[in-house]
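User: I would like to go through this model and ask, for each label, what it rests on. Please set the values against the cut-offs as we go.

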Amino acid sequence: MGNRFHGATTMAATALAIGLTVGSAAAQCELKLGVIGVMSGPAAQWGLALRGAAELVAAEANAAGGLPVGSQKCKVSTVSIDSKYTAEGAAAAANNMVSQGIKLIIGPIGSPEMTGLKPIANRNNLLVMGNGYAKDAIGPQWPLVFHQGPGPSGWAAPIVEVAKAKFNMKKVVLIAPNDQGGTDIASVDAAAYKKHGIEAIEEYYQRGTTNFAPIITRALNAKPDAVDTASSPPGDAGIIIKQLRQAGFAGPIGRLGGPGTEEIARVAGGYEVLKNFYWYEPVYIDDKVRAIAESYKKLMNANPPENNLFFQWVSATRMVTKAVTKAGTVDDVKKIADALRSLPVEDENMGKGLWIGKEFFGINQELSFPFGIGLILDGKMQPVLRHEAATGK
Amino acid sequence: MEGFVNTALIGVSLGAQYALLALGFTLIFGILGVVNFAHGGFYVLGGYVAYACVQHLGVPYPIAVMVAALATAGLGYVFEYFLLEHLIDNHLATLMLTLGFYLVMATGILVVFGPESPEFRFPISGTLRSGGIYIPLENFVVLSVCLLTIVGVYLLMYFTDFGRALRALADDRPVAMAQGLRPGILFPAAFGLATGLAGLTGALVTPILSLAPHIGDSVLAISFITVILGGLGSIGGATAAAFIVGMVEAFSSVYLGGSKGALTLFTLVLVILVVRPSGLFGREVRGA
């Protein structure tokens, strides 16, 4: 009896020890992705797209039995924090991530957030796959910071080329807010116009302006062939366009900035007011890209986020998880960053892309996939033109 | 010359809108002694009430504008009567209360209508042109309504017993009360009148510019600049300052550019406040 009891106890202890060991290995093999982005307020859609993308990539990996890392299959989870589209919000979120031992950050979205987050990332060796169109969004001084898609330095010139061929403009006035979110983009856009032999004049307004009639009068005094609303928020761009048409301006209008054509048309008064309009579409949507949305519905049992940036964030997050697999570690950030840099830019849905950024930012850490050029001609929406991945040259 | 006239027309249009906003803001300060941080919120609410009436209830736009003015006036009355009135002499408390109410309104609008600008169009379109001089028809209508309303407010304040009572309370509250005037009844009415003006402006202006939950911030800022320039509490000062601000904004933005235009406006306000700390038409000290 005593021996039998002793034997049972030994077996139970062994089983417990094995169980603890297995449990411990599983706990060690978990990849936590930190998601930092705006998830409240007027820009909440952008952050919800980012969060949805990271959650989908985690669900894809888990559905396949875990993310291969060395000889293990690791569970992927996400931790999301609202940065409220502010520098201090992003910095606080990054510090919170550090306290939780998270080393890989997906996001943030805007330039102010990137400005707040980058010093924290540098200090704590965080890998950041972020966005933001600022001129210093990435750079050699932030070797662990990557760009999930190109800024205007990547796509402005190809769009100008198409617009010039369509509208043959010789002079353009760019109208944008007079802060970094406006000037950094408009000045790069202006350089793209000049590169194509088009005279470009930059006009800036105080952010918060609601009536653009004076700025428009000033812009039209320059007698431009085209006006570009650059990175003006969609609501502002809509009023600018409406007031341009009221002032008698009949030329084409561009938007070499972020997405938002539907809202712009709504505020301006419809496609017929936009009349001739060209813009940057971050993602060229085809059946393969739409399949990501279907995958989201299946895996998450919910509708995917509405914003098209969702697709861009999916491809960027997948690149990060692929880098983890290639590096064979979830902890060694430098090794993961090296692996990421060496990966070919390729996504099963988005197609083949490029690493760019060396010419503009001094570092080749900007993902570039095929993108779209939107056109409205004579008040009619045209099919979005597919453009190969921007080279940034 | 055409450019100069166009710029002047823009200045007058801006001035009329600012005047309506500033009148409400300065009425509340002049009569109640309260700096109403919720003023921009009533402007936005007016826009959304008119939008909801037109889009969801099929109400004709002119009636929707009246409904918006009445709804914001009613809300202002209730807010003053039930909340503000009890703390009316505590300046810090009223400041926090109006700021908090603004945040509640802005968040409520965001939750109900969403963050994006809805499609809210002015029922009349087209542009009046004469050579190179132009004014959009909708701006002309709004300008006319604004000017008529400003005249109406003046008649109300200077030629009715109600207006005289409010001005008496603004001049010297203890003496006015000793004469039998009852702030408990008149203050909510004054507050409602002021918020109704903000709501009316929102209902008129948002269809020609844009409607979004966050636009109240800039409205509050321009109201502040205008009434400080005109003299806090001065009805005539607020009106004159509104047209000065409109003209300075228009001419400086057209001839100096957007950034320098804003700088010019703020510099002008700064210089005037250094020379005349109580504003162009303000009194040294409020009576109340």
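Analyst: A residue counts as buried under 20% relative accessible area, as exposed over 50%, and as partly exposed in between. Please keep in mind that this is a predicted model.

User: What makes the pair of Thr261(A) and Trp279(A) a polar contact?

Analyst: The two side chains are in polar contact at 3.1 Å, and the rule asks for a pair of N or O atoms within 3.5 Å.

User: Why is Pro152(A) called buried?

Analyst: Pro152(A) has a relative accessibility of 4%, so Pro152(A) counts as buried, the cut-off being under 20%. Pro152(A) lies in helix α5 (residues 152-167) of chain A and touches Tyr133(A), Ile185(A), Val188(A) and Asp189(A), not counting residues up to four places away in sequence. The C-alpha atoms of Pro152(A) and Gly257(A) are separated by 7.3 Å, although the two residues are 105 residues apart along the chain.

User: What makes helix α7 of chain A mostly covered?

Analyst: Seven of the nine residues of helix α7 (residues 213-221) of chain A are buried. The buried residues include Ala213(A), Pro214(A), Ile215(A) and Leu220(A). Just after α7(A), Lys223(A) takes a positive phi of about 50°.

User: What makes Asp287(A) and Arg290(A) a salt bridge?

Analyst: The side chains of Asp287(A) and Arg290(A) meet with 2.7 Å from N to O, and a salt bridge requires a side-chain nitrogen of Lys or Arg within 4 Å of a carboxyl oxygen of Asp or Glu. Both residues lie in helix α11 (residues 287-300) of chain A, three residues apart, which is about one turn of the helix. An α-helix has 3.6 residues a turn, so residues three or four places apart point the same way. Asp287(A) is exposed at 61% relative accessible area, whereas Arg290(A) is partly exposed at 43%.

User: How do you know that Glu388(A) forms a salt bridge with Arg386(A)?

Analyst: The closest N and O atoms of Glu388(A) and Arg386(A) are 2.4 Å apart, and the rule asks for a distance within 4 Å. Glu388(A) is partly exposed at 49%, and Arg386(A) counts as partly exposed at 42%.

User: Which parts of chain B does the salt bridge of Asp89(B) and Arg173(B) tie together?

Analyst: In this salt bridge the closest N and O atoms of Asp89(B) and Arg173(B) are 3.0 Å apart. Asp89(B) lies in the loop between α3 and α4 (91-113) of chain B and Arg173(B) in helix α7 (residues 173-178) of chain B, so the pair ties together parts that are 84 residues apart in sequence. Asp89(B) is exposed, with a relative accessible area of 59%, whereas Arg173(B) is buried at 11%.

User: How many salt bridges are counted between chain B and chain A?

Analyst: The count between chain B and chain A is zero, while the count over all chains comes to 12 salt bridges. The interface of chain B and chain A has 11 residue pairs in polar contact, both residues being at pLDDT 80 or more. The two chains bury about 2,500 Å² between them, 52% of it on carbon and sulfur atoms.

Methods:
Residues are numbered from 1 along each chain as its sequence is written. Chains are lettered from A and ligands numbered from 1 in the order in which they are written. This is a predicted model: local features need pLDDT of at least 70, side-chain atom pairs count only at pLDDT 80 or more; totals for chains, interfaces and linings use all residues. Side-chain values use heavy atoms; hydrogens and water are left out. A polar contact is a pair of N or O atoms within 3.5 Å; within protein, one must be able to donate a hydrogen and the other to accept it, and residues adjacent in sequence count only if both atoms are side-chain atoms. Buried area is the accessible area (1.4 Å probe) that two parts lose on being put together, summed over both. Helices (H or I, at least four residues) and strands (E, at least two) are DSSP runs, numbered from the N terminus. Buried means under 20% relative accessible area, exposed over 50%, partly exposed in between (1.4 Å probe, protein chains only). Contact means heavy atoms within 4.5 Å.
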